[in-house]
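Hi,

Here is the structure I promised to pass on.

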Amino acid sequence: MCRMIQEKQTYHVDLVSGDVLGQKLEENPSFTVHATDEELAELKQCLEEHRTDDLEAYARSHVPYLLYHHDRANDKYDAAMKRLYALIYKLGDETARNHIEEIGILKDNKFEGNEEVQKFK
């Protein structure tokens, strides 16, 4: 059976708004990625998980007796951020990959054993 190869399209990931756009907006910095429809769906799912984990971490931040480094909500947020950057690294153009390497988010030892992040590297 012959399988159709999906053509990759160019998108811009705006981390400020959490959107994936067909064209770049000058107001916010964004990453340029090249993705198939399936990869685009995965990226959008990852952005949604990141947004959800961000809201949970924000809500937790209003509980003064919970320390950041002992907080599950913040660990989930950090892991979601890491997965998002790993996926952008995988799909991104050279500028996106260079920026992600420069900020070093994928080298954080805290997530060294995380299989989901490792599969994108």
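**The core and what surrounds it**

Leu43, Ile88 and Ile100 touch the most other members of the largest nonpolar core, which has 22 residues. By nonpolar core I mean a set of buried Ala, Val, Leu, Ile, Met, Phe, Trp, Tyr and Cys residues joined through side-chain atoms within 4.5 Å. Helix 2 (72–91) gives this core its largest share, 8 residues, and at least two residues each come from strand 1, strand 3, helix 1 (37–60), helix 2 and helix 3. Helices (H or I, at least four residues) and strands (E, at least two) are DSSP runs, numbered from the N terminus.

Before I go further, this is a predicted model: local features need pLDDT of at least 70, side-chain atom pairs count only at pLDDT 80 or more, and totals for chains, interfaces and linings use all residues. Residues are numbered from 1 along each chain as its sequence is written, and side-chain values use heavy atoms, with hydrogens and water left out.

Back to Leu43: leaving out residues up to four places away in sequence, Leu43 touches Val13, Val20, Val33, Leu84, Leu87 and Ile88. Contact here means heavy atoms within 4.5 Å. Of the contacts in the chain with a separation of 6 or more, 56% are between residues 24 or more positions apart.

As for the overall layout, the chain has 4 helices and 3 strands, in the order β-β-β-α-α-α-α along the sequence. Buried residues make up 38% of the 121 in the chain, where buried is under 20% relative accessible area, exposed is over 50% and partly exposed is in between (1.4 Å probe, protein chains only).

Now the strands, which I count as paired if DSSP finds at least two bridges between them. Strand 1 (residues 9–14) runs antiparallel to strand 3 (residues 31–35), with 5 bridges joining them. Gln9 has Ala35 as its bridge partner in strand 3, and Val13 has Phe31. Strand 1 also pairs with strand 2 (residues 19–21), again in the antiparallel sense, over 3 bridges; on that side Val13 is bridged to Val20. These two strands form a hairpin with 4 residues between them, and Gly18 in the turn has a positive phi of about 80°. Strand 3 is largely enclosed by the rest of the structure, because 4 of its 5 residues are buried.

Then there is the largest pocket, with a volume of about 180 Å³. A pocket, on a 1 Å grid over the protein atoms alone, is an open set of points where a 1.4 Å probe fits, with protein on both sides within 12 Å along at least five of seven lines; lining residues have an atom within 4 Å of a point. The lining includes Leu15, Lys24, Phe31, Asp93 and His99. Helix 3 (94–103) gives the most to this lining, with 3 residues, and strand 3 supplies at least two.

Glu101 and Tyr89 are 12 residues apart in sequence and 8.6 Å apart in space, C-alpha to C-alpha.

Cheers

Key: Points joined across faces, edges and corners; volume = space filled by probe spheres on them.
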